[in-house]
Amino acid sequence: METYYNPEDLAKFGSVAGETPTTHAGEKFFEYYNAVFAEGALTAREKSLIALAVAHTVQCPYCIDAYTNDCLNKGVNKEQIMEAIHVAAAIRGGASLVHGVQAKNIVEKLEF
């Protein structure tokens with residue numbers, strides 16, 4: 001089945017680093033990325049679950065695939081995954097609704 005996003009492209013993510021040889025921006029990004037996901041105040045498992053929720057918010061199918069698998073490999077269960085996704089959806093939905101205040105303010109300002 002063909003999809004807009006090619007699942008095989010996820011494996012090519014690391015190759016992006018080689019496309020910036022003069023600035024090393026890709027390498028620097030991956031150094032940063034790896035440092036962010038290292039154990040710290042949050043466990044790698046917690047960071048993976050956060051990443052999965054954010055992936056749904058930004059609607060990145062590659063990240064959704066990668067972090068669903070990563071979560072499962074780190075012992076996160078289906079119920080926890082779905083709860084994290086609903087948290088992301090609630091925050092995204094709330095953000096959309098609160099921006100409605102901006103539209104409401106314009107309507108009220110322009111009412112005769």
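1. Which residue forms a salt bridge with Asp70, and how far apart are the closest N and O atoms? In this predicted model, the partner of Asp70 is Lys74, and the closest N and O atoms of the pair are 2.8 Å apart. Asp70 has a relative accessibility of 22% and therefore counts as partly exposed, while Lys74, with a relative accessible area of 32%, is partly exposed as well.

2. The count of salt bridges comes to two, and Lys12 also takes part in one, with Asp9 as its partner and the closest N and O atoms lying 3.1 Å apart. Lys12 is partly exposed because its relative accessibility is 48%, and Asp9, at 29% relative accessibility, falls into the partly exposed class too.

3. Lys47, which sits in helix α2, spanning residues 44-58, deserves a separate remark. Lys47 is buried and yet has no salt bridge, since the nearest side chain of opposite charge, that of Glu39, is 7.3 Å away, whereas a salt bridge requires the nitrogen and oxygen to be within 4 Å. Leaving aside residues up to four places away in sequence, Lys47 touches Val36, Phe37, Ala38, Glu39, Gly40 and Leu42.

4. Helix α2 also meets helix α4 (residues 78-98), their axes coming within 8 Å and crossing at roughly 45 degrees, so that α2 and α4 are oblique to each other. The crossing in which α2 passes α4 is right-handed. On the α2 side the contact is made by Arg45, Leu49, Leu52, Ala53, His56 and Thr57, and on the α4 side by Gln80, Ile81, Ala84, Ile85, Ala88 and Arg92.

How values were computed
Residues are numbered from 1 along each chain as its sequence is written. This is a predicted model: local features need pLDDT of at least 70, side-chain atom pairs count only at pLDDT 80 or more; totals for chains, interfaces and linings use all residues. Side-chain values use heavy atoms; hydrogens and water are left out. Helices (H or I, at least four residues) and strands (E, at least two) are DSSP runs, numbered from the N terminus. Buried means under 20% relative accessible area, exposed over 50%, partly exposed in between (1.4 Å probe, protein chains only). Lys and Arg count as positive and Asp and Glu as negative; His and the chain ends are not counted. Contact means heavy atoms within 4.5 Å. Axes are lines fitted to C-alpha atoms, for helices over the stretch in contact, and angles run from 0 to 180 degrees between N-to-C directions. Angles under 35 degrees count as roughly parallel, over 145 as roughly antiparallel, 65 to 115 as roughly perpendicular and the rest as oblique. A crossing is left-handed if the near helix is turned anticlockwise from the far one by less than a right angle, and right-handed if clockwise.
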